[in-house]
Each structure stands twice: as C-alpha cells, then as structure tokens.
Amino acid sequence: MSLSPRPTLETGTTSFAAAAEAHLEDVHAYLVYLTGDRCLAEDLTAAAFEKALSLWRRFDPRRASARTWLCQIARTVALDHFRSEERRRRREGVYAAREPREEPEPTFGQGLSPALDEALGALSPADREIIALRVLLELDASTVARLLGISSTACTTRLSRALHRLEERISHDVRA
Amino acid sequence: MTSGPEGKVEERFDELLAQLRAGRPAPSPALRERVAAIATTESSPEPVRRRTFPWRRTLALGTVSALAAGVVALAVVSVDPGSGEQPAGEREAITLPEANLDRFAPRSSGQESVTRAQKAPSAGRAVAPSALPPTQKRLQDYRADLRVQVRRPGQVASATSRAMRITRSLGGYIVSASYARGKQGDSTLVVRVPVDKVQDAILRFSQLGTLLSQRIEIQDLQGGVNRQSDRIAALRTSIASVEAGLRDPELTAEERTRLTARLGDLRPQLATRLGARAATVRRGRLSRVSLTLTTREAAAAPAPVPPAPPGQFEETLRDAVSVLGKVVGWLLYAVIVASPFLALVLGAALLERWRRRRGDLALLERAS
C-alpha cells in the first residue's frame, strides 16, 4: 500500500453532474470518517453537493481539483453542522447526557473488523479526518495541508499520531 | 513509493492502512440517487473561466522596467550637459540660424538676454569658433569674451598688435588694452566693433591662436529705445503745446509765467531723453569684444564659463525625474505612516486565521 496520491480524472472542463458522480464516494467516505455517523454523513454529503452546485460557477480547476474543492465544501458543511449541534446541545442542556448511538452495522465500512471500527469511533473527528483524507482519499500531503490550513509537516505528523492512536486503541480493545 | 517521514508511516502501518482502504465506506443507493437528483434536476452552469491576469508577473516586470527607466534617466540627467554629448576636442561648431536666435532672443524687454558659451575644454584642446549673429532688425547689446592661446610668450605681443589692427580695419576702436610679459605671457584687449562686423571680428580674433573658450551675451535694447522714443515724442508734443500757448496774445502775465516755467522744465527733460536714446543706440551699434591672449592652457582660464543651457529633452527628463522623485517620496511617506497600521491589520488577520483554525480543530476534538 502506498500513501502517494491516487491518479484522478481531474481538471479540464467537466460538468457538475460528472464531478458529483466521480467524487461522491470520496466525499461520502470523508464525511463518514469526520462525523463518525453514517446517517449524518449521508445528510451532510447531500448538503455538501447542494452547496457545491450553488458555488459551481466559482470553481476554478487551476486552483484545485474538483475532488479537493468538494472536500473543502464538505468540511465547511460538517464544521457548520458541528457548531450548530454544539449550540443546540448547550442550549438544550443535554451536552453531558449525550446518548451513545447504537448501530447494528459497522460505521466506517462494511469490510472493517469490529475492533478497527470501534477504534475508529473512539478517535477524535480530527484524527479520523486526517486518516480519511490521506489514507482513504489518498490525497497528497500538500493538498491536505492546504485544505486543513496547516503545513505539510504538521499534516504528516498528525497522520502518524492518528494512526498510532488508532493502533493503540485496537490493541487495547483486543486485550480487553 | 514515498520516502522520508511518509515512507516510515507507510511501513509502520502498512497492514492497518490496507485494512482501512479495504473497508472504505460506500454511499447508499439512496444517497447516490439523492446526489444524482441534485446534480441533474437543477441547472448547473459551467464554471466561469475567469481570465486570470498574471498580475504578479506584470508587477515584477513593471517594477523592473520602472527601475531601469529611472536609472537610465538619472544617468542621462547626471551627465554634464556641456560635455556629455561628445568629447570637447571633437566638438563641432554650432551655428544657430537666425530663426533659432529669435526664438531665444527677448522681444521687448531690455532686461532679458541670451548667453551662449562654450566651456573651456581640457588642456590643449581647441574650441571651434562660432558666433551668434546679431539681429539686424533690432538694437542689441552684443558682448563677446574670447580666450585665445598662443604658443610662446613672444607671440602675445604680436598677436595683440594684430588684434588692434583687425579692430581698426573693421571700423572699431580699442577701449582698453593690458599686456604683461613674464614667464607666461598674457594680454587682455577690450574693443568695440560695429555690430554688423562682429562675426568677422570674432572669426579673425580666434585665428590668432587656438581658441580656448568663447562666451557671447546678447541683450535686447530695442524695447528700451522704443520706450524712450515714445517718451521723447510725448515731450515734444507737450513742448509744442506750451509754445503754442505762449504765442497767444491774450495770455495773462500770470499764465505766461507758468507756461514759461513749464517750458523750462520740459526742454531739459527732452535733452536728457535724447541723450539717453543716442547712447543706447550707440551701444546697440557697437559690440563689445573682450579678447584674452595667453600662453596658459585652458585649465588656468580665469573667467568662469557658465554651462550651456540644457536642451528640451534634458529639461523634460529632469522634470520627469523630479516628479518621479516627489511621487516616490510621497509613496515612501505614505508607506512609513501606514506601515504600523498595515502591520496591525495583517497581524489581526493572521491572528483571526489562526484562531479560526484552532477553533475548527477544537470543535472537531469536542465533537467526538
């Protein structure tokens, strides 16, 4: 396996429908990892594509690929959601009484072992985000760094730490 | 295959990465339909291909060009206008045509003048003789200063004698002459020659040896003469009027006395005006030429020679450089004044950006 960027059908003139079809899986996987909630991720994916459609005229393929641009929009949508959720919870006073979700099937993918799925769920969204971008979407470090607003070195460090934590979680669960 | 930190991460977590990629979540068919509906039901206009102007490149090119132009302009302006065009020894005689002289010559004011000088060249190099021709239609005060080098001290006396003969042959006269013979011979001659012969005089004086420098000044006298003539005409009219009044037989003794006194005032005024005008006319008819004959080289020339007036191109360049300098000064001033505020704004923007990113990260950490 390699962390080198995956070749994509980027750039050039492409319609929004083609871009949406080509990158739906990427955006969805990213949001699943970011939110840790498949249902929420699906809602946010749809919201992200709606927002992307309204902004499609402003998309400039020379500045970023469609996939990176869509991931940026998905991140903004997710962060907006987290903020509104945080405000809602604070307002309703249920922040501490947050009920654990019970999901019958793995959250982060059908092929994952229960231990790995659980370990991923125990990670912070920030850790899952870097794993999603670098491992699942196979974006290169500089692209992810630009997307997250950090340096390439920080990006690599963050990925390494996230994978360490993930590994520790898995071994902890296995021992338990 | 990547190397460095990423390579180590890759090797260290190879199995884990493989598992994560294999178990990548896939969107449900419902989501696919939902997104397809979003993408197809609404019109999705093509991205606007904005024509990006390469402003960074243009700015860099413009800055370099402006700097180069400024350097060239400064170099041109800083060159001595009197000696920059060509070596002094190879300078050719410049003869201004009448039209050009009229362009520079004053129209009516006697205070204005035109000066033309060729600077003393470096030692041993000659200046080609060239004299501004006097205008025939107007009275002018024409003055020329010549400095001519002769080879040996013994030649100074003979050259001085020849200069005197030339002056007399042209109908002029010697105003003053001084001659000193020592280790270095020097002779100074001030002569007056008719204006219509001055060009000939300058040419012949310059042939007495090697012309080191020459300076010509022309001052217009016609305006002053015209004013004097007008005043004289007015005085004559007044005198005629007073004389006619005195011829009146019915004039009272008191009036006669008053008119007589008035006539006594006017006649001396007229005589003074006539004398002044005659003197001015004489000045205009005879030019004044100062000739210095010396064995010294040009470096020892006692008379300072003013630089030639700058040309139109040089003046334009000087003006442009001056304006550019002022603009740059003001820009620098504005930058210095505004820089603390700009730094504050920049710092605030960077702080806000950092705070937003930290906030996003903290939000993601809290959202777990």
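I'll start with one residue in chain A. Glu138(A) has 18 C-beta neighbours inside 10 Å, so it counts as partly exposed. The cut-off for buried is 20 or more. Glu138(A) sits in the loop between helix H5 (125-136) and helix H6 (141-148) of chain A. Its phi is near 55°, a positive value in a residue that is not glycine. For context, most residues other than glycine have a negative phi.

All of this is read from a predicted model, and confidence comes next. Chain A has a mean pLDDT of 81, with 82% of its residues at 70 or more. Over residues 7-12 of chain A, the pLDDT is below 50, and this stretch has 9 contacts in the model beyond near neighbours in sequence. Where pLDDT is low, the predicted coordinates should not be read in detail.

Staying in chain A, take helix H4, residues 114-122. Which of its residues are buried? They are Leu116(A), Ala119(A) and Leu120(A). Seen down the axis of H4(A), these buried residues fall within an arc of 100°, so they line one face of the helix.

Now the packing. The largest nonpolar core has 58 residues, and the members that touch the most others are Tyr30(A), Ala74(A) and Ala132(A). Helix H1 of chain A, residues 16-35, supplies the largest share of this core, 11 residues. Apart from this core lies another, of 26 residues, including Tyr142(B), Val191(B), Phe205(B) and Ile218(B). Back to Tyr30(A): what is it in contact with, leaving aside neighbours within four places in sequence? The list is Cys71(A), Ala74(A), Ala132(A), Leu133(A) and Leu137(A).

On to chain B. This chain has 10 helices and 6 strands. Of its 368 residues, 22% are buried. Among contacts in chain B with a separation of 6 or more, 84% are between residues 24 or more positions apart.

Strand E2 of chain B, residues 140-149, is mostly covered, with 8 of its 10 residues buried. How does E2(B) run against strand E5 of chain B, residues 210-220, parallel or antiparallel? The two are antiparallel and joined by 10 bridges. Within that pairing, Ala144(B) stands opposite Ile216(B) in E5(B). E2(B) also pairs with strand E6 of chain B, residues 286-294, this time in the parallel sense, over 7 bridges. There, Asp145(B) stands opposite Ser290(B) in E6(B).

For contrast, look at Ser176(B), which lies in strand E3 of chain B, residues 173-180. Ser176(B) counts as exposed, because it has 9 C-beta neighbours inside 10 Å. The C-alpha atoms of Ser176(B) and Val190(B) are separated by 5.1 Å, although the two residues are 14 apart along the chain.

Last, the contact between the chains. Chain A gives 49 residues to it and chain B gives 43. On the side of chain B that touches chain A, the elements giving two or more residues are helix H1 (5-12), helix H2 (14-22), helix H3 (29-41) and helix H10 (312-366) of chain B. The largest share of that side, 8 residues, comes from H2(B). By type, the residues on that side of chain B divide into 23 nonpolar, 13 charged and 7 polar.

Note on methods
Residues are numbered from 1 along each chain as its sequence is written. Chains are lettered from A and ligands numbered from 1 in the order in which they are written. This is a predicted model: local features need pLDDT of at least 70, side-chain atom pairs count only at pLDDT 80 or more; totals for chains, interfaces and linings use all residues. A residue is buried if 20 or more other C-beta atoms lie within 10 Å of its own, exposed if 12 or fewer, and partly exposed in between; C-beta atoms are placed from the backbone. Helices (H or I, at least four residues) and strands (E, at least two) are DSSP runs, numbered from the N terminus. The arc is that of the directions from the helix axis to the C-beta atoms. pLDDT is the predictor's confidence in each residue, from 0 to 100. Two residues are in contact if their C-beta atoms, placed from the backbone, lie within 7 Å. Two strands pair if DSSP finds at least two bridges between them. A nonpolar core is a set of buried Ala, Val, Leu, Ile, Met, Phe, Trp, Tyr and Cys residues joined through C-beta atoms within 7 Å. Ala, Val, Leu, Ile, Met, Phe, Trp, Tyr, Cys and Pro count as nonpolar, Asp, Glu, Lys and Arg as charged, and the others, Gly among them, as polar.
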